[in-house]
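Please consult the sequence and structure shown below while reading.

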Amino acid sequence: MITIKAFKNNQSEAKTVFTLSEEDYYLLKDVFDLYHIKKGVFIDPYQKTILHNSDLINLVKILNDYLKKINIYDKKNKILDYYYLFKFLFEEGYSIIFIGG
C-alpha cells in the first residue's frame, strides 16, 4: 500500500489524502513508468517520493495522454478518477508525497 499525502508549504504539515492499494499501484504503474522515463523520477511503492506542485502538473499531463491511448473501459474509469484527483491537487497548489510500506 502507498499512502499519498498532500501539503502546500511544509512537508511536516502533510495530510493523508488517500491510500493507493497495491492493485491500484499496478494499474497506474505504466503511467508511473512513463513519468520516470520523461522526468527521471521513479515513483517507488517502497520508498518516499515527493512530487512538488510543478512536478505534479507533469504527472497530470502524462495521465491525460495515457487516458487517450487506453481502451479498457474499467481501467480507464479508475485511472480517470486518479487523473481528476491529481489535477485537483495541482490546481489547489498542493505538492504530494508517496510513502510506501
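## Helix α3

Helix α3 covers residues 73-91, 19 residues in total, and spans 26 Å from its first C-alpha to its last, close to the 27 Å expected at 1.5 Å a residue. The expected span is 1.5 Å times one less than the number of residues. Helices (H or I, at least four residues) and strands (E, at least two) are DSSP runs, numbered from the N terminus. The model is predicted: local features need pLDDT of at least 70 and side-chain atom pairs count only at pLDDT 80 or more, whereas totals for chains, interfaces and linings use all residues. Residues are numbered from 1 along each chain as its sequence is written, and side-chain values use heavy atoms, with hydrogens and water left out.

Just after α3, Gly-93 adopts a positive phi of about 85°.

## Buried and exposed faces

The buried residues of α3 are Ile-79, Tyr-82, Tyr-83, Phe-86 and Leu-89. Viewed down the axis of α3, these buried residues fall within an arc of 130°, so they line one face of the helix. The arc is taken from the directions between the helix axis and the C-beta atoms. Buried denotes under 20% relative accessible area, exposed over 50%, and partly exposed the range in between (1.4 Å probe, protein chains only). The face of α3 turned away from the buried side carries the exposed residues Tyr-73, Asp-74, Asp-81 and Glu-91.

The cover over the buried residues of α3 includes β1 (2-7), β2 (15-20), α1 (22-39), α2 (53-69) and β4 (95-100). Contact here means heavy atoms within 4.5 Å.

## The sheet beside the helix

Four strands form an open sheet in the order β2-β1-β4-β3, with antiparallel pairing. Its edge strands are β2 and β3 (48-51), each of which pairs on one side only. The twist averages 20° from one strand to the next. Two strands count as paired if DSSP finds at least two bridges between them. β1 and β2 run antiparallel and are joined by five bridges; the bridge partner of Thr-3 in β2 is Thr-19.

Helix α3 lies across β1, β2 and β4 and runs at about 160° to β2. Axes are lines fitted to C-alpha atoms, for helices over the stretch in contact, and angles run from 0 to 180 degrees between N-to-C directions.

## Salt bridges

Four salt bridges are present in the structure. A salt bridge is a side-chain nitrogen of Lys or Arg within 4 Å of a carboxyl oxygen of Asp or Glu. One of them pairs Lys-78 with Asp-24, whose closest N and O atoms are 3.3 Å apart. This pair links distant parts of the chain, with Lys-78 in helix α3 and Asp-24 in helix α1, 54 residues apart. Lys-78 is partly exposed at a relative accessible area of 34%, whereas Asp-24 is buried at 7%. Leaving aside residues up to four places away in sequence, Asp-24 touches Lys-78 and Tyr-82.

Within helix α3, Lys-87 and Glu-91 lie four residues apart, about one turn of the helix. Their salt bridge has its closest N and O atoms 3.9 Å apart. Lys-87 is partly exposed, with a relative accessible area of 28%, and Glu-91 counts as exposed at 52%. In helix α1, Lys-29 and Asp-33 are likewise four residues apart, being separated by about one helical turn. The closest N and O atoms of the salt bridge between Lys-29 and Asp-33 are 3.1 Å apart. Lys-29 is partly exposed at 24% relative accessible area, and Asp-33 is partly exposed at 26%.
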